[in-house]
Amino acid sequence: MDIINILTVFILAIFVGFEIITKVPPTLHTPLMSGSNAISGIAIVGAIISTKVGGEIGTWLGLVAVIFATINCVGGFMVTDRMLKMFKQK
Amino acid sequence: MGYTNLAYVFAAILFILGIKKLSSPKTARKGNTIASIGMLIAIIATVVSFELLDFKLIVIGMIIGSIIGATFAIHVEMTQMPQMVAIFNGFGGGASALVASAEYFNKFGTVDQTTFLTATITLSVFVGTLTFTGSFIAFGKLQGFISGKPVVFPGQQAINGLLALALVVMGVSVSIGGGQDMNMFYGVLIVAAILGITMTIPIGGADMPVVISLLNSYSGVAAAATGFVLMNNGLIISGALVGASGLILTNIMCKGMNRSLANVIFGAVGLEQESLEGSGKQMKVKSTTTEEAAMILDAADKVIIVPGYGLAVAQAQHAIREVADLLESMGKKVLYAIHPVAGRMPGHMNVLLAEANVPYEQLKDLGDINPEFDDCDVAFVLGANDVVNPASRHDTSSPIYGMPILNVDKSRTVIVNKRTMNPGFAGIQNELFGFDNTVMVFGDAKEMLTTLYKDLKEL
């Protein structure tokens with residue numbers, strides 16, 4: 001993939017982000033934050049790739065990255081669910 | 001590889017759909033589940049399609065991470081949500097920086113080590129590390145490990161400026177050199193870590209909502225930068241979404257506090273000077289008892305409750321909900337007015353009230369509630385101060401002039417509960433407390449509400 005292509009994807013994603021996030025009501029801004037936090041745990045994909053057998057240091061950094069990113073994903077989605085469960089109608 | 005990228009696009013679609021479903025509390029929970037399925041797909045696609053992965057290491061890492069993450073998620077108190085999000089931001093940024101560093105060492109000395117690769121690695125390491133250390137300082141401040149007060153010392157901004165400059169110079173130099181200079185790379189790492197600390201430490205507790213939102217945005221930017229390192233669409237799209245989300249929230253928080261972003265980041269000193277000025281004015285306030293407050297509430301048809309952070313500090317969410325339920329059973333209309341900066345992070349107060357079983361239909365944000373005050377009989381202000389100060393509408397000399405406020409003074413009667421007459425975060429007295437239609441009930445919110453509940457019952 002060339003640089004222009006992924007730059008296009010990046011910029012379009014920012015626009016999509018602005019569109020959908022401005023529609024989230026202030027009532028749900030905390031779950032939005034913890035949920036988007038979990039999504040930023042997508043770094044786990046990179047972390048998995050960097051454990052690729054090869055460089056010694058790279059593999060160990062990859063392990064720590066896997067731990068960090070998993071904390072982010074698991075903790076983020078779980079706590080968001082816990083919060084959203086509390087939002088009840090009358 | 002083709003199928004992997006397809007799986008990433010699918011995961012990104014699920015993230016977008018998940019956030020879309022957050023537009024209503026009805027569908028929000030499903031949205032979160034959809035997003036988590038997207039994450040699972042991305043993980044599985046990565047594990048099955050890349051060769052030579054160290055599976056044992058991955059599984060160990062994921063188990064450790066899951067245990068830590070789940071422990072946090074299950075045990076955190078809702079009042080501690082800001083700390084939790086702060087520390088998670090830190091882990092996210094840290095993970096991105098680590099992945100980029102791993103890529104630097106893995107590609108070091110190979111033909112793949114281009115200027116573009118090194119530049120994106122540097123960017124990712126810079127933003128990720130800064131997010132990591134900055135988030136831990138924010139966590140420490142919110143948790144009380146570090147003083148919540150702004151920590152300032154002479155020449156602080158000059159030092160931050162120099163650090164930032166050094167970072168740019170080293171970053172550019174390491175990139176142009178194609179990443180050959182490993183010391184320069186370490187330099188970027190260390191200076192970014194220091195800058196994260198020195199930029200967060202001068203920011204006061206009241207400004208934390210802005211900082212957490214900003215760090216949230218950074219963690220997204222770091223993930224996107226790592227996406228450029230790995231040329232991975234999944235990371236780029238997700239990172240962009242999170243970056244945009246954090247930026248929007250940062251903007252909302254700044255507007256809610258009537259500050260510019262630059263003012264929050266660099267203005268710790270300026271704020272204290274402002275706080276000395278406005279406090280000189282004298283005014284007469286009418287203090288009253290809970291019995292009288294009960295009588296005023298009894299005569300009302302429409303009551304709007306305005307909770308501030310003082311309510312959460314007093315752990316009085318359940319007490320106010322009980323009073324509200326009682327008022328409703330007496331046939332009154334009860335609504336809650338939630339200011340954007342009512343809690344310690346965006347939307348925090350809503351979560352605290354939802355935890356106390358307040359139905360979300362009653363939670364109204366600034367734009368929806370302000371017209372409601374015009375025909376409101378009683379505005380019941382609990383532990384809120386600056387966000388209900390009418391000076392923001394007319395007093396051009398006030399530090400909160402122009403700040404969006406809840407127009408409680410438009411109600412027929414305003415009942416204000418506060419512990420003392422101490423001014424709020426902006427350090428200014430609130431003219432609302434001296435208005436003819438305002439009465440004050442002093443005391444701890446929880447105790448006051450418990451007595452008020454009894455008084456209402458006895459009427």
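Which domains does the domain assignment of chain B give?

Analyst: The assignment gives domain 1 (2–254) and domain 2 (281–458) for chain B, with bounds that come from an automatic or database domain assignment. A bit of housekeeping: residues are numbered from 1 along each chain as its sequence is written, while chains are lettered from A and ligands numbered from 1 in the order in which they are written. This is a predicted model, so local features need pLDDT of at least 70, side-chain atom pairs count only at pLDDT 80 or more, and totals for chains, interfaces and linings use all residues.

On confidence, pLDDT is the predictor's own confidence in each residue, from 0 to 100. Chain B has a mean pLDDT of 90, and 96% of its residues reach 70 or more. One stretch to treat separately is residues 269–280 of chain B, where pLDDT stays under 50 and the model has 12 contacts beyond four places in sequence. For the complex, the predictor gives an ipTM of 0.96 and a pTM of 0.91.

Back to the two domains. Taken over C-alpha atoms, the centres of domain 1 and domain 2 of chain B are separated by 38 Å. Their contact takes 15 residues from domain 1 of chain B and 12 residues from domain 2 of chain B, where two residues are in contact if their C-beta atoms, placed from the backbone, lie within 7 Å. On the domain 1 side, the elements giving two or more residues are α4 (81–107), α8 (208–230) and α9 (233–256) of chain B. Helices here are DSSP runs of H or I with at least four residues, strands are runs of E with at least two, and both are numbered from the N terminus. α8(B) has the largest share of that side, 4 residues. By residue class, the domain 1 side divides into 13 nonpolar, 2 polar and no charged; Ala, Val, Leu, Ile, Met, Phe, Trp, Tyr, Cys and Pro count as nonpolar, Asp, Glu, Lys and Arg as charged, and the others, Gly among them, as polar.

Met231(B) is in the loop between α8 and α9 of chain B, and its phi is near 50 degrees, a positive value in a residue other than glycine. Met231(B) is partly exposed, with 17 other C-beta atoms within 10 Å; a residue is buried if 20 or more other C-beta atoms, placed from the backbone, lie within 10 Å of its own, exposed if 12 or fewer, and partly exposed in between. Asn357(B) also has a positive phi, about 65 degrees, although it is not a glycine. Asn357(B) is in the loop between α15 (348–355) and β3 (363–365) of chain B and is partly exposed, with 13 other C-beta atoms within 10 Å.

Now for the partner chain. Chain A has 4 helices and 0 strands, in the pattern α-α-α-α along the sequence. Its radius of gyration is 17 Å, well over the 12 Å that the globule rule gives for 90 residues, so chain A is more spread out than a compact globule. That radius is taken over C-alpha atoms, and the rule is 2.2 Å times the number of residues to the power 0.38.

Between the chains, 78 residues of chain A are in contact with 92 residues of chain B. On the chain A side, α1 (3–21), α2 (29–39), α3 (43–49) and α4 (56–86) of chain A each give two or more residues, and α4(A) gives the most, with 29 residues. That side divides into 46 nonpolar, 25 polar and 7 charged.

A nonpolar core is a set of buried Ala, Val, Leu, Ile, Met, Phe, Trp, Tyr and Cys residues joined through C-beta atoms within 7 Å. The largest one has 190 residues, and those with the most contacts inside it are Ala65(A), Ile304(B), Val306(B) and Val381(B).
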